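Please consult the sequence and structure shown below while reading.

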Amino acid sequence: IVKFDLKGLYHIHRVYEEKRRKIQKLSKTKPKTAKKLMKKYSKRERNRARDIMHKIVVGINANQKVRDAIDIMERDRFSQLPVFDNEEIVGSISDQTILNAITEYRSRMPLSELSVSTIMDKPFPTIDGDAPLTLIYELLKYSSAVLIVERDDVVGIITKADLFKIV
């Protein structure tokens, strides 16, 4: 079991959220000032999640078979998928999840016939499209992907491989 000290990540996230909240609050009374502050703040962190995210998110339903997840990952060359129940994010599955399940799974039913929900991992972290890349870098130290959510809808995904493209 790997344990992470998430205090640094939590601090980065809290600072980011607090700045956004203050600017949004200010925009109600002083929209010009808020716009200037947002522009100044954005210059420091130009690239945002929406600038590098994949807008088409391929996922799998929690009640589909592990075989279906493998087929999707092989066909689309993904190493991980978000898992949904209807439109709610309920978990994730990756090539590593499946490999771990192969070594740990003991049953009469083949692993490929199990539902994804029986072996899935926790969901990928979620952020909004305005999140700075610094936050994404930190999140990807602990997760293989980050989902971009706006108004409770998943609108994009960023993986470690996506960050390699902009280095």
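## Basis of the description

Helices (H or I, at least four residues) and strands (E, at least two) are DSSP runs, numbered from the N terminus. The model is predicted, so local features need pLDDT of at least 70 and side-chain atom pairs count only at pLDDT 80 or more, whereas totals for chains, interfaces and linings use all residues. Residues are numbered from 1 along each chain as its sequence is written, and side-chain values use heavy atoms, with hydrogens and water left out.

## Overall architecture

The protein chain contains seven helices and six strands, arranged along the sequence in the pattern α-α-α-β-α-β-β-α-β-α-β-β-α. Of its 167 residues, 34% are buried (under 20% relative accessible area; exposed means over 50%, and partly exposed in between, with a 1.4 Å probe and protein chains only).

Contact here means heavy atoms within 4.5 Å. Among contacts with a separation of 6 or more, 54% join residues 24 or more positions apart.

## Helix α4 and its surroundings

Helix α4 spans residues 66–76, and V66, A69, I72 and M73 are buried in it. Seen down the helix axis, these buried residues fall within an arc of 120°, so they line one face of α4; the arc is that of the directions from the helix axis to the C-beta atoms. E74 and R75, on the other side of α4, are exposed.

The cover over the buried residues of α4 includes β1 (60–61), β2, β3 (88–94) and α5. R77 follows α4 and has a positive phi, near 60°.

## T97 in helix α5

T97 belongs to helix α5, residues 95–104. T97 counts as buried because its relative accessibility is 4%. Apart from neighbours within four places in sequence, T97 is in contact with I119, M120 and D121.

## The second largest pocket

A pocket is an open set of points on a 1 Å grid over the protein atoms alone, where a 1.4 Å probe fits, with protein on both sides within 12 Å along at least five of seven lines; lining residues have an atom within 4 Å of a point. The second largest pocket holds about 290 Å³ of space, the volume being that filled by probe spheres set on the points, which are joined across faces, edges and corners. Its lining has 17 residues, of which H54, F78, Q80, T159 and D162 are the closest to the centre.

β2 (80–85), β6 (153–159) and α7 (160–166) each supply at least two lining residues, and α7 gives the largest share, four residues.
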